Amino acid sequence: MDPSSVPTLRRGIRRQFDATRGAHVLLGPERVIVLDDIAEAIVAQFDGHRSIAEISSHLAGKFEADANEVAADVTAFVRELVEKGLASL
Amino acid sequence: MTELGPPLALMAELTHRCPLQCPYCSNPLELLKAGAERDTAFWLGVIDEAAALGVLQIHFSGGEPALRPDLAALVERATTRGLYANLITSAVTLNEAKLAALAQAGLAHVQISFQGARPETADRIGNYRGGHEKKLEVARLVTQLGMSLTVNAVVHRQNLAELPAIIDMAVALDADRLEVAHVQYHGWALKNRAALMPDRQAFDQADLLVSQKRQELQGKLFIDYVVPDYYARAPKTCMGGWGQKTMNITPDGRALPCHAAETIPDLTFDRAGETPLRQIWFESVAFQTFRGTSWMQEPCASCDLKHIDFGGCRCQALALAGDARATDPVCHLSPLHSQVLQMAESESGADVREFVYRRV
């Protein structure tokens with residue numbers, strides 16, 4: 001997956017906070033994904049402009065974490081969302 | 001096992017009325033007439049209760065839900081309450097003004113059924129002349145209005161050869177998702193099984209095509225595939241498990257764990273509006289009867305997969321084994337498995353083309 005590609009949620013996919021489950025969720029056709037804190041931190045960065053690399057370095061700085069590890073996590077999660085039809089690049 | 005949460009989705013079957021007469025319709029054989037339908041106030045109440053319970057998605061379904069003049073009002077209430085609103089439609093009664101009103105009301109997603117890729121095939125299966133062209137027109141409007149589109153294609157012996165063209169059609173329509181669902185043999189489909197059952201070879205070809213296209217179209221079109229379970233080795237995880245994820249409300253307001261649950265004798269169903277949805281979900285007998293694994297008999301009870309597939313479909317177990325507690329006979333561990341497979345193979349070669357169309 002190219003670090004310069006820009007992930008966005010696909011048409012019809014909504015991200016919202018669900019008070020019952022106390023977590024953010026992604027909702028799409030026949031899809032419900034409850035986001036854990038890390039997943040939510042990543043998806044919250046999808047703005048249609050920032051690339052995977054930019055999102056990774058931003059989160060590494062924010063959480064004072066190893067940049068390579070964060071980049072690997074972000075890449076894997078974005079890949080999963082694309083495979084599930086929830087995000088596109 | 002994690003603790004049982006609220007349902008993720010509510011299936012609101014607003015009506016059984018439908019302009020199409022598909023011979024595999026998932027509605028019961030005893031269709032409810034318009035007079036039995038519940039009013040707008042009832043459904044608004046259901047939506048409020050569902051949202052408060054923690055439901056995240058609502059599927060407006062039927063019959064044809066767009067026959068209800070209050071559809072946009074219901075969509076708007078659902079959206080206001082934070083529910084993801086999905087319309088499951090035949091599309092033939094929709095037009096630009098109605099769709100624009102639904103989009104305005106917050107409708108997120110529209111799933112349109114297609115009965116084939118060629119108008120002659122599709123219109124014969126739905127028994128509705130001009131239906132296919134109309135569906136194409138509405139599908140284009142859906143994406144133009146910024147809503148997400150699923151092309152739903154129920155496949156069987158009489159349209160499976162068109163599957164490659166159906167996939168191309170979904171791409172050409174700029175759909176986000178394609179659902180290819182082999183007929184599930186309940187109700188009307190069970191009645192028409194000999195006219196619908198594909199043969200093994202056609203099934204294997206379809207299977208191969210879908211896996212190739214999934215790879216080829218990844219990131220562009222998402223394909224969901226529901227296999228014909230008579231040819232499967234393991235049963236499907238019906239409804240994601242009985243009473244685990246979904247609640248279904250019938251046009252006359254009864255709450256069911258699945259749309260076919262009424263076929264199971266001795267189960268009684270509470271009415272929304274009379275009993276709180278929360279109580280129906282967590283406490284009612286109907287939702288608890290086949291929830292989890294404690295109701296199981298052998299070979300399910302000692303099976304390693306019992307938490308995965310929950311023994312398959314209860315309604316199919318009843319229809320084929322005569323016992324709703326039996327292992328779903330499509331499972332290779334069921335004593336009836338080879339009999340079911342034989343029946344499928346023999347019916348797939350049946351010289352039956354005519355359908356018994358659904359009608360009220």
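This is a predicted model: local features need pLDDT of at least 70, side-chain atom pairs count only at pLDDT 80 or more; totals for chains, interfaces and linings use all residues.
How many residues of chain B are in contact with how many residues of chain A?

Residues are numbered from 1 along each chain as its sequence is written, and chains are lettered from A and ligands numbered from 1 in the order in which they are written.

**View 1. The contact between chain B and chain A.** In this view 20 residues of chain B are in contact with 18 residues of chain A, contact meaning that the C-beta atoms, placed from the backbone, lie within 7 Å. On the side of chain B that touches chain A, β3, β4, β5 and β7 each supply at least two residues; strands here are DSSP runs of E with at least two residues, helices are runs of H or I with at least four, and both are numbered from the N terminus. By class, this side of chain B has 7 nonpolar, 10 polar and 3 charged residues, where Ala, Val, Leu, Ile, Met, Phe, Trp, Tyr, Cys and Pro count as nonpolar, Asp, Glu, Lys and Arg as charged, and the others, Gly among them, as polar.

**View 2. The open sheet of chain B.** The sheet is formed by 9 strands in the order β7-β6-β5-β4-β3-β2-β1-β8-β9, with mixed pairing, two strands being paired if DSSP finds at least two bridges between them. Its edge strands, each pairing on one side only, are β7 (222–226) and β9 (255–256) of chain B.

**View 3. Strands β3 and β4 of chain B.** Strand β3 (residues 84–89) and strand β4 (residues 109–114) of chain B run parallel and are joined by 4 bridges, and T89(B) stands opposite I112(B) in β4(B). Helix α5 (residues 131–144) of chain B packs on the sheet, where it touches β4 and β5 (148–155) of chain B.

**View 4. Helices α2 and α3 of chain A.** Helix α2 (residues 52–62) and helix α3 (residues 67–83) of chain A pack at an angle of about 130°, with their axes 9 Å apart; axes are lines fitted to C-alpha atoms, for helices over the stretch in contact, and angles run from 0 to 180 degrees between N-to-C directions. Among the residues of α2(A) that meet α3(A) are I52(A), I55(A) and L59(A), and among their counterparts in α3(A) are V70(A), V74(A) and V78(A). The residues of this contact divide into 9 nonpolar, 3 polar and no charged.

Conventions:
Two residues are in contact if their C-beta atoms, placed from the backbone, lie within 7 Å.
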